[in-house]
Amino acid sequence: MCSSFSLSLGQKAAVFITLLVAALFAYRDAFDVLIPTDSLTLLFKFKTFGAKGLLHNFYDVGLAPVSDSILFLLYKLFSTNATGWIISSLFFHSINSFLVFLVSLQLYAPFSSNSRFMVSFFSAGLFLLSPFQTEAVLW
C-alpha cells in the first residue's frame, strides 16, 4: 500500500518512546505488586528443575513453549523480583502498542493524511492504557 504519508525512523522512535514513557507513568503503581506472575507453579518447576522445568509444565491445558521460554528467561534474569518482571512486561506491552500504531497507520491509509497520525496514535494509546490490558502488565 503506497501512501504519501510516511514516518522516518526518528519519528517512529519518538512515538515508541512516548508510548513507553506513558506506560511507565500510567502503570507506576504496578511496581508495588509483589508477585511477579500468576504461574507460581511454573516458577517452582524452574527453581527445582532449571531449564528442564519447561518439560514438566502441565499447569495449563497444554505446553506453551514460547511463553514458557520467555517466563524461564525472565526467571533467570530477575528471579522473583517483581520490578524486573513488570518493567519487561511494560516494554513488551509498549512494543505491542507501537505495532497497533503502525497497523493503524496502514489501515487508515485510504483516508485523509491530516488526521491519520492522530487517529493511529489514539488507537495505540487506547490499547496501551485500556483498563482491560492491566493483566498483560501485572502478570
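These legends describe close-up views of a predicted model.

Local features need a pLDDT of at least 70 in this predicted model, side-chain atom pairs count only at pLDDT 80 or more, and totals for chains, interfaces and linings use all residues. Residues are numbered from 1 along each chain as its sequence is written, and side-chain values use heavy atoms, with hydrogens and water left out.

**Figure 1**
Helices (H or I, at least four residues) and strands (E, at least two) are DSSP runs, numbered from the N terminus. Along the sequence the pattern reads α-α-α-α-α-α. The chain has 139 residues, and 32% of them are buried. Buried means under 20% relative accessible area, exposed over 50%, and partly exposed in between (1.4 Å probe, protein chains only). Take the contacts between residues at least 6 apart in sequence: 66% of them join residues at least 24 apart. A contact means heavy atoms within 4.5 Å.

**Figure 2. Helix 1 and its buried side.**
Helix 1 (9-26) has 18 residues. From first C-alpha to last it reaches 25 Å, close to the 26 Å expected at 1.5 Å a residue. The expected span is 1.5 Å times one less than the number of residues. V15, F16, L19 and A23 are buried in this helix. They cover an arc of only 95° around the axis, which puts them on the same side of helix 1. The arc is that of the directions from the helix axis to the C-beta atoms. Helix 4 and helix 5 are among the elements that cover these buried residues. On the face turned away from the buried side sit the exposed residues V21 and F25. R28 lies over the face of F25, 4.2 Å from the ring centre. A charge sits over a ring if NZ of Lys or CZ of Arg is within 6 Å of the ring centre and within 35 degrees of the ring normal.

**Figure 3. Helix 5 packed against helix 1 and helix 4.**
Helix 5 covers residues 113-129. Its 17 residues should span 24 Å at 1.5 Å a residue, and its end C-alpha atoms are 25 Å apart, which agrees. R116, S120, S123, A124, G125 and L128 are buried in helix 5. The buried residues of this helix pack against helix 1 and helix 4 (82-107).

**Figure 4. The largest nonpolar core, with 14 residues.**
A nonpolar core is a set of buried Ala, Val, Leu, Ile, Met, Phe, Trp, Tyr and Cys residues joined through side-chain atoms within 4.5 Å. V15, L19, A23, Y27, L90, F98 and F101 touch the most other members. Helix 1, helix 4 and helix 5 each supply at least two residues of this core. Helix 4 gives the largest share, five residues. Apart from this core lies another, of eight residues, among them L42, F46, L71 and F72.

**Figure 5. The edge-to-face pair of F46 and F72.**
Rings of Phe, Tyr and Trp (its six-membered ring) pair if their centres lie within 6.5 Å; planes under 30 degrees apart count as stacked, over 60 as edge-to-face and the rest as tilted. The whole structure holds nine aromatic pairs. In this one the ring centres are 5.0 Å apart and the planes stand at 75°, so the pair of F46 and F72 is edge-to-face. F46 lies in helix 2 (residues 40-49) and F72 in helix 3 (residues 65-78), so the pair ties together parts that are 26 residues apart in sequence. Both F46 and F72 are buried.

**Figure 6. F101, its partner F117 and the ring cluster.**
F101 and F117 form an edge-to-face aromatic pair, 5.6 Å centre to centre with 80° between the planes. F101 lies in helix 4 and F117 in helix 5, so the pair ties together parts that are 16 residues apart in sequence. F101 counts as buried, at 0% relative accessibility. F117 counts as partly exposed, at 24%. Leaving aside neighbours within four places in sequence, F101 is in contact with L7, V15, F117, S120, F121 and A124. Ring pairs link F16, F91, F92, F98, F101, F117 and F121 into a cluster.

**Figure 7. S79 in the loop between helix 3 and helix 4.**
Phi of S79 is near 50°, a positive value in a residue other than glycine. Most residues other than glycine have a negative phi. S79 counts as partly exposed, at 36% relative accessibility. Not counting residues up to four places away in sequence, S79 touches L74 and W85. The C-alpha atoms of S79 and F46 are separated by 9.9 Å, with the two residues 33 apart along the chain.
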